[in-house]
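Subject: Structure for you to look at

Hi,

Here is the structure I promised to pass on. Have a look at it first, and then read on for what turned up.

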There are 2 protein chains.
Amino acid sequence: MGKDTRANPSLSEVVRSTFVFEAPRLGSRLGVTLFVATETFQRTGSFKFRAAYNVASRVPQDQILAASSGNFGQALACATKMLGKSCIVVMPANSAKVKIAAVEEYGGKVDLIHTGRITRSQRVAELAREYPDAYVASAYDDPLVIEGNASLGSELGRSPHRFDVIVAPLGGGGLASGIISGLKSVGCATPVIAAEPLLANDGARSMREGRIVANDREAQTIADGARTPSLGKHNWEILRTGLGGISEVPEDSIRDGVRLLFTHANLKAEPTGGLGVGALLAEPDRFRGKTVCVVVSGGNVDPATFAAMIS
Amino acid sequence: MGKDTRANPSLSEVVRSTFVFEAPRLGSRLGVTLFVATETFQRTGSFKFRAAYNVASRVPQDQILAASSGNFGQALACATKMLGKSCIVVMPANSAKVKIAAVEEYGGKVDLIHTGRITRSQRVAELAREYPDAYVASAYDDPLVIEGNASLGSELGRSPHRFDVIVAPLGGGGLASGIISGLKSVGCATPVIAAEPLLANDGARSMREGRIVANDREAQTIADGARTPSLGKHNWEILRTGLGGISEVPEDSIRDGVRLLFTHANLKAEPTGGLGVGALLAEPDRFRGKTVCVVVSGGNVDPATFAAMIS
């Protein structure tokens, strides 16, 4: 088994450059010069494609197993299809139908579980025993994930625009640590501030205590991409010294972030993607007058959820 | 009065390049290889900025008068502000509040009228007598409008992608004739098909009869940017020989176009912007298997209207 991974198209050949645009109306409302770097038009609609493709193309295994109720599953299904590989994505049976459908549309196999009976990681472990030749991928805690997401950081570091600060969503820490690594790789010292839901503030608590602190359970923040109970270990090593700070964003500000991106910048963002603008709304004095680049992590959201947020 | 217009930054210096991305999920649904060229991230959120800036920067007058209930007003307010000029935009008193607010946010003066008492063109004529030194701008029938919109056509003609056909919304014809002119200017022969609301099909009837045919009154299509009762005379001269065809799009297909752009391409489009995808939905056999570039003209839409369309 196993392919020569050198024959695969490299990440830089298949990834779409992030789309950066200035948003003067929204910036004026927020008291900053605002740029938006949006991954909503990335393949599969979120930054997760960067990590998923990097993992799937760099490991020799032909089959990948992962648990994901959201963007990583779609991204992995698309990446393995592009590479002539296959994947099984473990998803809760009550996942949004559109998300299950998206994984299947990209050719991924969905393994539905009842989370009351078995946890996602238990089911992944079962599958790993069933398919011993498969690679078990983490959506956020793997050096290959950081390396994939670093491609976004190096793009931002090479941007013709000068940002005083970059604000990016924080869940398991894969995106923020990737951006920090990527910026560093191109010699860019722009500070990165992470925007984390106040309801799921394990990252902020970890920074305060100087060690990884986990939430007791998955917090029910509207930012479903940031419900991860704790930072990944590999990410933590980068974040603990590399992060410029964390902004803890209340639920109302996340919602307002999504709404203002829609009304003042014509952008469809998913709730997790609204965290950056939410941080600027929650802590205006921290950012006022600065040139800020807000990273919008993805745009995959149920129409009904979205309609309720903008109405 | 009058400035040296040569001192103004040129259109190419201030306009944002249209954002082109491939939309494989939506393309697969429509049976085509689909690219989307979206003007929703253009300054002021629609292609109208191209024409408005070109007019405002090329005429010597310091003040511009125009009637617009929508995107041209915002675009003109933004353009005149950038140029140190001023404008008065005649708008119906029952225009959406967000549209009036947007013109004012860009520093434009709004002149509200009760359309039962006076028509827009009557009021513009009144203002022209009051301000004899002002330039009266047409939103769609002026060689400077075509020239401004041609910048989009030349961008598409120079795109690294090869399109079999470009599909663009049709109202007064300023966008379609501009795209045709721009493509021609860079030696690109890709045919342009116009997507027009069936409810306001004066363009299709004009092509069939070989002369400009006007609708009796403003048709109440949901595509409010395409309610113009007839094609502009300057535009007609280009369209009658240069257009590759017209697709007449039923209201339901326009709505479905907006919805599918949202669910399958993460794009916020205004109803008029949904006409292109609407044409592919209404006439699948006309486009099947082709590489199609759909032009999305703008993204400015009331949240409530949008929420109703995607739900």
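How many residues of chain B are in contact with chain A, and how many of chain A with chain B? There are 26 on the chain B side and 26 on the chain A side. Before going further, please keep in mind that this is a predicted model.

Starting with that interface: the two chains bury about 2300 Å² between them, and 59% of that is on carbon and sulfur atoms. On the chain B side, the residues that lose the most area to chain A are B:R25, B:F41 and B:N266, which together make up 30% of what that side buries.

Over all chains the count comes to 26 salt bridges. One within chain A is A:D111 with A:R123, where the closest N and O atoms are 2.8 Å apart. A:D111 sits in strand 5 (residues 109–113) of chain A and A:R123 in helix 6 (residues 120–130) of chain A, so this pair ties together parts that are 12 residues apart in sequence.

Now to the helix packing in chain A. Helix 3 (residues 48–58) of chain A packs against helix 7 (residues 143–157) of chain A at an angle of about 130°, with the axes 7 Å apart. That makes helix 3 of chain A oblique to helix 7 of chain A, because angles of 65 to 115 degrees count as roughly perpendicular and only those over 145 as roughly antiparallel. The crossing of these two is right-handed. From helix 3 of chain A, the residues involved are A:R50, A:A51, A:N54, A:V55 and A:R58, and they meet a set in helix 7 of chain A that includes A:L144, A:E147, A:N149, A:L152 and A:E155. By class, this contact has five nonpolar, four polar and four charged residues.

Helix 3 of chain A also packs with helix 4 (residues 71–82) of chain A, at an angle of about 45° and with the axes 8 Å apart. These two are therefore oblique to each other, and their crossing is right-handed. Here A:K48, A:F49, A:A52, A:Y53 and A:A56 of helix 3 of chain A meet residues of helix 4 of chain A, among them A:F72, A:L76, A:C78 and A:M82.

What about helix 11 (residues 251–265) of chain A and helix 12 (residues 275–282) of chain A: at what angle do they pack? The angle is about 115°, with the axes 7 Å apart, which makes helix 11 of chain A roughly perpendicular to helix 12 of chain A. Their crossing is right-handed. A:S253, A:I254, A:D256, A:G257, A:L260 and A:L261 in helix 11 of chain A meet A:L275, A:V277, A:G278, A:L281 and A:A282 in helix 12 of chain A. That contact has seven nonpolar, three polar and one charged residues.

Cheers

Definitions and conventions: Residues are numbered from 1 along each chain as its sequence is written. Chains are lettered from A and ligands numbered from 1 in the order in which they are written. This is a predicted model: local features need pLDDT of at least 70, side-chain atom pairs count only at pLDDT 80 or more; totals for chains, interfaces and linings use all residues. Side-chain values use heavy atoms; hydrogens and water are left out. Axes are lines fitted to C-alpha atoms, for helices over the stretch in contact, and angles run from 0 to 180 degrees between N-to-C directions. Helices (H or I, at least four residues) and strands (E, at least two) are DSSP runs, numbered from the N terminus. Angles under 35 degrees count as roughly parallel, over 145 as roughly antiparallel, 65 to 115 as roughly perpendicular and the rest as oblique. A crossing is left-handed if the near helix is turned anticlockwise from the far one by less than a right angle, and right-handed if clockwise. Contact means heavy atoms within 4.5 Å. Ala, Val, Leu, Ile, Met, Phe, Trp, Tyr, Cys and Pro count as nonpolar, Asp, Glu, Lys and Arg as charged, and the others, Gly among them, as polar. Buried area is the accessible area (1.4 Å probe) that two parts lose on being put together, summed over both. A salt bridge is a side-chain nitrogen of Lys or Arg within 4 Å of a carboxyl oxygen of Asp or Glu.
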